[in-house]
Amino acid sequence: MTPAARLSAAIELIDTIEKDRVPAAKALKEWGTAHRFAGSGDRAAIAGLVWDVLRRYASSAYLMDSDTARARLIGMLRLECNMDAATMAALFDGSRFAPAPLTEAEQAALASRSLEGAPAAIAGDYPEWLDPYLAKAFGDERVAEAAAMASRAPLDLRVNTLKSNRDKTLGALAHLHAKPTRWSATGLRIELSADARNPGIQAEEDFIKGAIEVQDEGSQLAAALTAAKPGEQVIDLCAGAGGKTLALAAMMQGKGRLIATDSDKRQLAPIHERLSRAGVHNADVRTPKGEADPLAEISATADLVVIDAPCTGTGTWRRNPDAKWRMRPGALEIRLRDQTAVLDRAVPLLKAGGRIAYITCSVLSEENGDQVRAFTARHPEFAVVPPEQTASVLWDKAEEFAQAALQSPEGWLMTPRRTGTDGFFVSVLKKA
């Protein structure tokens, strides 16, 4: 496909996503199935265009003073790709498979309009109803923080120390230009361009043998901040597919007891194969069966309960940019109730001196600090471990991390702008 034909395909897809309210990933998959003549390079380039439009969904429409799929693509090309009008005109030439030529109105918008003076939600590319929430979290810096959350995400990997080490894995993945992550001692990062093909990590020998897993550096740090230790009894209460479970198992060096469960047994389905591939032998997966409590026999014995809480996912917008446009206010209320329930569920599992590691992939105060304060008000036997103490597990990176991340009395908040990771909140609470 020509570059111009790729633009036409992207416009068609954006229009489908808008009109049919279909998730972008689903629309892209269905388009690829229906257009088998498109090669993998074409599909990657078109997907890159679509994702970048969703990242610039509000600002591109504002720049062009139009909210059509075509206008959003043109606006994105100017804002994200810094493409000038002459270059665009050469692509929008009306030839076979190319978009129609730029109109006078489009040329005028490109020549005269900018984001100067745009409302915060426009400049930061997020739904307007979220502005008070982001203002509470970031104040006047919310536009800069949101803009970073609208950027492209790298591909991060975690080296499984049960099977390998970072230096060895760096050599094995040299052909992918992997580099050490900034904070995580077990992390690798692969920077990807907008139209890059999937590097096919699952086909790499190190992945097949369990030496690496795909995991954002922020998620790796969240696991590290739990300070799980060899020999402890650790419960991963919201294990899902097992990303943090695997990280916890490596931290425990195969010693102690690691129990993984989740209220949704469907989420747990991949965990068994992942644990096996990673060489984890001290994990006990508890899949819910009917109304029975899979943790019924556990009472006041756990050293650590890790809660990777259900949340709005605002911290992962750069990986799933269409999610923020589909998010509705009611979703936050539901998540707040879910978080309260899972926090309270952890209490009777812990022994005296035990701790809860509360984690969200959200940047909203309501799901983070507010939720922690509400919990300690309900359960005064718990106190927040001072964040500067929890960061000590990062050793030589602790001071630099403290300067980068947002610290509150309740815990740490990582963001793409500050730490170069996805958005994660971590609070550690200790039982008296």
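Two strands pair if DSSP finds at least two bridges between them. Helices (H or I, at least four residues) and strands (E, at least two) are DSSP runs, numbered from the N terminus. This is a predicted model, where local features need pLDDT of at least 70, side-chain atom pairs count only at pLDDT 80 or more, and totals for chains, interfaces and linings use all residues. Residues are numbered from 1 along each chain as its sequence is written, and side-chain values use heavy atoms, with hydrogens and water left out.

## Strands

Start with strand β1. β1 and strand β4 (residues 212–214) are antiparallel and share 3 bridges. Here V159 has I212 of β4 as its bridge partner. β1 (residues 155–159) also pairs with β3, again antiparallel, over 4 bridges. In that pairing, L155 stands opposite I190 in β3.

Strand β2 (residues 179–180) runs antiparallel to β3, with 2 bridges. P180 stands opposite L188 in β3. The two strands form a hairpin, and 6 residues lie between them.

How many residues of β1 are buried? The count is 5 of its 5 residues. Buried means under 20% relative accessible area, exposed over 50%, and partly exposed in between (1.4 Å probe, protein chains only). On one face of β1 sit L155, L157 and V159, and on the other D156 and R158. Strand β3 (residues 187–190) is covered on both faces too: G187 and R189 are buried on one side, L188 and I190 on the other.

## A buried helix

Helix α14 (residues 243–251) has 7 of its 9 residues buried, so it is largely enclosed by the rest of the structure. Among the buried residues are K244, L246 and A250. Just after α14, Q253 takes a positive phi of about 55°.

## Aromatic rings

The whole structure holds 6 aromatic pairs. Rings of Phe, Tyr and Trp (its six-membered ring) pair if their centres lie within 6.5 Å; planes under 30 degrees apart count as stacked, over 60 as edge-to-face and the rest as tilted. Two of the pairs are listed here.

| Pair | Type | Centre to centre | Angle between planes |
|---|---|---|---|
| Y57 and W325 | tilted | 5.3 Å | 45° |
| Y358 and F425 | edge-to-face | 6.4 Å | 70° |

Y57 lies in helix α4 (residues 57–64) and W325 in helix α17 (residues 321–326), so their pair ties together parts 268 residues apart in sequence. Y57 counts as buried at 17% relative accessibility, and W325 at 19%. Y358 and F425 are both buried. W183, F401 and W412 make up one aromatic cluster.
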